[in-house]
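This report describes the aromatic rings of one structure and the charges beside them. The structure is shown first, and the description follows.

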Amino acid sequence: MGLKEEFEEYAEKAKTLPENTSNEDKLILYGLYKQATVGPVNTSRPGVFNQRDRAKWDAWKAVEAKSKDDAMSDYITKVKQLQEAAAAS
């Protein structure tokens with residue numbers, strides 16, 4: 001299985017993570033997903049009154065130096081970690 005296929009598989013698995021997954025972990029996944037699928041940030045930062053979208057933009061901006069392949073690998077690793085943590089609890 002290639003990296004892209006594995007990434008897509010874990011993107012589906014990420015949808016089944018427990019509700020109590022922290023916002024911080026969700027933002028990490030969001031940033032890595034956007035970097036893997038879109039590439040570097042291509043929009044301006046949302047305004048101060050739009051905290052949710054601003055946090056998502058910041059998470060994406062934080063990983064924009066990663067290549068798409070590195071972002072896919074990191075995303076897969078993070079989903080695996082969250083799945084193991086959920087299984088252990």
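How many aromatic pairs does a search of the whole structure find? The search finds three. Rings of Phe, Tyr and Trp (its six-membered ring) count as a pair if their centres lie within 6.5 Å; planes under 30 degrees apart are stacked, over 60 edge-to-face, and the rest tilted.

The model is predicted: local features need pLDDT of at least 70 and side-chain atom pairs pLDDT 80 or more, while totals for chains, interfaces and linings use all residues. Residues are numbered from 1 along each chain as its sequence is written, and side-chain values use heavy atoms, leaving out hydrogens and water.

Phe7 and Tyr33 are stacked, with 5.5 Å centre to centre and 25° between the planes. Phe7 belongs to helix H1 (residues 3-14) and Tyr33 to helix H2 (residues 23-37), 26 residues apart; helices are DSSP runs (H or I, at least four residues), numbered from the N terminus.

Tyr33 also pairs with Tyr75: the centres are 5.9 Å apart and the planes at 55°, so this pair is tilted. Tyr75 lies in helix H4 (residues 68-88), so the pair ties together parts 42 residues apart in sequence.

The table gives relative accessible areas; buried means under 20%, exposed over 50%, and partly exposed in between (1.4 Å probe, protein chains only).

| Residue | Relative accessible area | Class |
|---|---|---|
| Phe7 | 3% | buried |
| Tyr33 | 34% | partly exposed |
| Tyr75 | 5% | buried |

Charges also sit over rings (NZ of Lys or CZ of Arg within 6 Å of the ring centre and within 35 degrees of the ring normal). Lys13 lies over the face of Tyr10, 4.4 Å from the ring centre, and the charged end of Lys34 is over the ring of Trp60, 4.8 Å from its centre.

Key
Helix = DSSP H or I, 4+ residues; strand = E, 2+ residues; numbered from the N terminus.
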